[in-house]
Amino acid sequence: MKKILITGGAGFIGSHVVRLFVTKYRDYHIYNLDALTYAGNLENLTDIEAAPNYTFIKGDITDADFISELFEQHAFEGVIHLAAESHVDRSIEDPLAFVKTNVFGTVNLLNAAKKEWENAFEGKRFYHISTDEVYGSLGAEGLFTETTAYDPNSPYSASKASSDHFVRAYGETYGLPYVLTNCSNNYGPNHFPEKLIPLFIHNIIANKPLPVYGDGNYTRDWLFVEDHARAIDLVFHQGAAQETYNIGGFNEWKNIDLVRLLCSIMDGKLGRRPGKSAELITYVKDRPGHDLRYAIDATKIKEQLGWEPSVTFEQGLEITVNWYLNHPEWLDHVTSGAYLNYYDVKSEE
Ligand code: NAD
Ligand code: TYD
């Protein structure tokens with residue numbers, strides 16, 4: 001059986017990637033390594049946790065000895081690295097936590113992979129999952145391509161940019177076989193309600209204010225999380241070694257337009273009169289260093305690997321809203337903190 005290490009598999013995107021790989025590739029054994037920080041939630045994976053080709057390992061990528069031993073013990077053939085601190089607002093409060101996990105943790109993984117694979121790179125692959133935020137901010141025009149110069153503005157994007165550089169450096173210096181993708185903003189089920197879409201779905205349900213930063217005229221390019229997971233599957237198996245691919249759905253939305261669309265969908269779902277949820281919109285102090293616009297040119301992955309999003313934004317948003325409305329216990333556990341006990345309870349069973 002091919003042993004694949006997926007880091008950060010209890011998080012938002014990672015859980016969708018783990019599910020896809022565990023269910024699609026019965027001849028792979030998937031090891032999900034996750035430290036279970038506030039963002040890690042094993043309740044995201046209850047449907048596959050008993051699968052014979054799945055193992056969860058609680059561990060921290062910043063622990064070099066532990067990572068090195070893990071690689072020695074399991075002889076992974078591939079790594080799909082998603083573990084990260086991922087929220088821009090938290091990075092503004094505590095940049096070092098981002099340096100530690102995103103930079104130091106990534107280099108630990110690179111070192112362990114290099115050591116284990118050094119004399120036999122054939123058939124091995126280190127896949128680093130990154131973000132479009134490394135390219136910085138666009139003005140009103142233009143798109144990020146794979147050759148756009150890095151120009152990160154937040155501690156989060158600076159730490160991801162740094163990790164990307166280390167991955168390429170290990171490729172150049174030591175010949176480590178890697179692939180790297182930079183994806184736009186994801187949305188979908190299991191998204192922690194600190195990010196825009198899940199936070200606002202939660203607040204609309206709870207009749208709480210919707211804090212729109214600044215004037216709301218910031219633009220993000222949104223992709224449904226399962227389409228990202230499909231792209232990761234494709235790049236892992238068919239992407240060319242030492243290549244980078246941008247992933248995005250050509251789906252730009254100004255925050256305020258997206259929030260108004262979400263409010264009108266939620267009015268319909270909750271049986272509220274049209275316009276009711278939008279009354280919760282509250283303009284608040286802007287995020288410092290707020291990037292104006294992100295937009296991905298995903299031509300390369302489309303032309304070279306044949307990837308395209310499978311759902312429209314309207315379809316994806318409908319699936320997402322329905323998921324949150326049908327999983328009130330998930331939201332309750334996340335907002336109460338009860339999800340943090342899931343691992344301890346399971347470990348005692
Ligand atoms: P997330 O915050 O939901 O999940 C991160 C996971 O990593 C959590 O399960 C957490 O417990 C784990 N983790 C954190 N620190 C760890 C450590 N030191 N050791 C082991 N595990 C640790 O993040 P996400 O939104 O799912 O993002 C996953 C990856 O995709 C990140 O690398 C992120 O930069 C990238 N990305 C995210 C988006 C997005 O819109 N969310 C877009 C593009 C790229
Ligand atoms: P977010 O979901 O944090 O993702 P990122 O900062 O990585 O793009 O934010 C998406 C956009 O929404 C961004 O322009 C900031 C804005 N935003 C708000 O206006 N209010 C909020 O409460 C949050 C969390 C984000």
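A residue counts as near a molecule if one of its heavy atoms lies within 4 Å of it. This is a predicted model, in which local features need pLDDT of at least 70, side-chain atom pairs count only at pLDDT 80 or more, and totals for chains, interfaces and linings use all residues. Residues are numbered from 1 along each chain as its sequence is written, ligands are numbered from 1 in the order in which they are written, and side-chain values use heavy atoms, without hydrogens and water.

Start with ligand 2. It has 18 residues around it, and Glu-133, Pro-211, Arg-220, Arg-287 and His-290 come nearest. Polar contacts here are pairs of N or O atoms within 3.5 Å. A side-chain N or O atom of Glu-133 sits 2.6 Å from an oxygen atom of ligand 2. The backbone contributes too: a polar atom of Leu-196 is 2.9 Å from a ligand 2 oxygen, and an N or O atom of Tyr-213 is 2.8 Å from one. Alone, ligand 2 exposes 510 Å², and the protein buries 97% of that (Shrake-Rupley method, 1.4 Å probe). Two elements, α6 (196–205) and β8 (210–213), each give two or more residues to this shell (DSSP runs: helices, H or I, of at least four residues; strands, E, of at least two).

Now turn to ligand 1. The side chain of Lys-160 places an N or O atom 2.7 Å from a ligand 1 oxygen. Thr-101 uses its side chain, 3.1 Å from a nitrogen atom of ligand 1.

Key. A polar contact is a pair of N or O atoms within 3.5 Å; within protein, one must be able to donate a hydrogen and the other to accept it, and residues adjacent in sequence count only if both atoms are side-chain atoms.
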